[in-house]
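Please look at the model below before reading on, and keep it in view while the questions and answers lead through it.

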Amino acid sequence: MAPNRQPHNRESSISSVHIDIGPEDTKWPKDVRVGCLKNPAMFERLEDDLGWETGMDLMPKYIGDDLVLLLGLTDTNAEQVMKGRKEEGTSVFYSMERWSPSLRTGCRLTWVQC
């Protein structure tokens, strides 16, 4: 990052910043999926359930509505998560897709603990 400073005067000043993004910095979105939960109330148990079902160490992040961000999920692992429990053949997700910046949520789920 290198600041580019214009000459200052009393009326105005302009600064700009140039950010260099290397190929390694753009790698992270490749293995990120967004899953749509069949039951959003199951989010609290999701990390444990996915660990038992798939044997993967996933850390899901709730992003709103019924959407859960799943980091580090390859195509093969995403298929395994969608298959769910081998003996039952069910998944906690009704769909899953690659993350994209265009994904937006309409509302957030609020947890109230009594």
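Q: Is Arg33 buried or exposed in this predicted model?
A: Arg33 has a relative accessible area of 4%, where buried means under 20%, exposed over 50% and partly exposed in between (1.4 Å probe, protein chains only). Residues are numbered from 1 along each chain as its sequence is written, and side-chain values use heavy atoms, without hydrogens or water. The model being predicted, local features need pLDDT of at least 70 and side-chain atom pairs pLDDT 80 or more, while totals for chains, interfaces and linings use all residues. By its relative accessible area of 4%, Arg33 is therefore buried.

Q: Which residue does the side chain of Arg33 meet in a salt bridge?
A: A salt bridge here is a side-chain nitrogen of Lys or Arg within 4 Å of a carboxyl oxygen of Asp or Glu. For Arg33 the distance from N to O is 2.3 Å, and the residue that its side chain meets is Asp75.

Q: How many residues apart in sequence are the parts that this pair ties together?
A: Asp75 and Arg33 form the salt bridge in question. Asp75 lies in helix α2 (residues 75-83) and Arg33 in strand β3 (residues 32-37), where helices (H or I, at least four residues) and strands (E, at least two) are DSSP runs numbered from the N terminus. Because the two residues sit in this helix and this strand, their pair ties together parts whose separation in sequence is 42 residues.

Q: Where do Asp49 and Arg45 both lie?
A: The side chains of these two residues meet in a salt bridge at 3.5 Å, N to O, with Asp49 buried at 13% relative accessibility and Arg45 partly exposed at 48%. The residues are 4 apart, about one turn of the helix that holds them both, α1 (residues 43-54).

Q: Which residue in β5 is the bridge partner of Arg33?
A: Two strands pair if DSSP finds at least two bridges between them. The open sheet has 4 strands in the order β4-β5-β3-β6, with antiparallel pairing, and within it β3 and β5 (residues 67-71) pair over 5 bridges. In β5, the partner of Arg33 is Leu70.
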